[in-house]
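Biologist: I would like to learn how to read a structure. Please take me through it feature by feature.

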Amino acid sequence: MKKIIIASLAISLAGPVLAQSAAEKSGVNSLIGVAPKTEDFVQEAATSDMFEIESSKLAVDRGDAATKTFAQQMVTDHEKTSSELKALISAGKVKAQLPSAMTSAQQDMLDKLKGLQGDDFIKQYHSDQESAHEDAVDLFKRYGEGGDNAELKAWAASTRPALEHHLQMAEDLNK
């Protein structure tokens, strides 16, 4: 009986971690261009914003002039998208739960950045930003074109151009 209670507790605590569907988590949906489920989109969009904000706050402190300018824009823009997503959920227009923390992979990337200084920090931050924005553009494109929640789909489609601009800016930093 004790084992059943412990197993039940472990499963209930792991639920939010495992909430993302296997197809989205493995990248299969992205490869074949399928829109994520609403819950998956919210999880990925929210954790992406968390990473963008936290890594960019570091870059505002540690970067060169061009990096600081880019990073401040990322903080401002991603705080805005986080607020918009939260508003859609709190208004009941989107039925999903916001994550309380970024993914372990994103946390690992942030931890790596925290350990770097100077040119090493700048190169890693620039690389991370390009990669993160490639993923975000893909995510918002797929949901904006094929998502199942009309309000969230419209928001994803209207947000995508800003993310594409961020990606262009990140690519320019990497040149």
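Biologist: Is Lys80 buried or exposed?

Modeller: First, the ground rules. This is a predicted model, where local features need pLDDT of at least 70, side-chain atom pairs count only at pLDDT 80 or more, and totals for chains, interfaces and linings use all residues. Residues are numbered from 1 along each chain as its sequence is written, and side-chain values use heavy atoms, with hydrogens and water left out. Now the term: buried means under 20% relative accessible area, exposed over 50%, and partly exposed in between (1.4 Å probe, protein chains only). Lys80 has a relative accessible area of 51%, so the residue counts as exposed.

Biologist: What share of the 175 residues in the chain is buried?

Modeller: Buried residues make up 40% of them.

Biologist: How many helices and strands are there in the chain?

Modeller: Helices (H or I, at least four residues) and strands (E, at least two) are DSSP runs, numbered from the N terminus. This chain has eight helices and zero strands. Along the sequence the pattern reads α-α-α-α-α-α-α-α.

Biologist: Back to Lys80. Which side chain meets that of Lys80 in a salt bridge?

Modeller: A salt bridge is a side-chain nitrogen of Lys or Arg within 4 Å of a carboxyl oxygen of Asp or Glu. Lys80 pairs with Glu84, at 3.1 Å from N to O. Glu84 is partly exposed, at 25% relative accessible area.

Biologist: Why can residues a few places apart in a helix point the same way?

Modeller: An α-helix has 3.6 residues a turn, so residues three or four places apart point the same way. Here, Glu84 and Lys80 are four residues apart in helix H5, so about one helical turn separates them.

Biologist: How many salt bridges does the structure hold?

Modeller: It holds seven. One of them joins Glu164 and Arg160, at 2.9 Å from N to O. These two are also four residues apart, in helix H8, and about one helical turn separates them. Glu164 is partly exposed at 33%, and Arg160 is partly exposed at 21%. Another salt bridge links Asp172 and Lys175, with the closest N and O atoms 3.4 Å apart. Asp172 is partly exposed at 41%, while Lys175 is exposed at 79%. Salt bridges that share partners also join Lys141, Glu145, Arg160 and Glu164 into one network.

Biologist: Now the inside. How many residues has the largest nonpolar core?

Modeller: A nonpolar core is a set of buried Ala, Val, Leu, Ile, Met, Phe, Trp, Tyr and Cys residues joined through side-chain atoms within 4.5 Å. The largest has 19 residues. Those with the most contacts inside it are Phe41, Val42, Leu85, Val94, Phe140, Leu152 and Trp155. Helices H4 (38-62), H5 (65-90), H7 (118-146) and H8 (150-173) each give two or more residues to this core. A second, separate core has 16 residues, including Leu58, Met102, Leu113 and Ala170.

Biologist: What is Val42 in contact with, leaving aside its neighbours within four places in sequence?

Modeller: Contact means heavy atoms within 4.5 Å. With those neighbours set aside, Val42 touches Leu85, Ile89, Val94, Ala96, Gln97, Leu98, Pro99 and Leu152. For the chain, take contacts with a separation of 6 or more: residues 24 or more positions apart account for 73% of them.

Biologist: Which residues of helix H6 are buried?

Modeller: In H6 (residues 104-114), Gln106, Leu110 and Leu113 are buried. Seen down the axis of H6, its buried residues fall within an arc of 55°, so they line one face of the helix. That arc is taken from the directions from the helix axis to the C-beta atoms. On the other side of H6, Ser104 and Asp108 are exposed. The buried residues of H6 pack against H4 and H7.

Biologist: Is Asp128 buried or exposed?

Modeller: Asp128 has 6% relative accessibility, so the residue counts as buried. Asp128 lies in helix H7. Beyond its neighbours within four places in sequence, Asp128 is in contact with Phe51, Met109 and Leu113.
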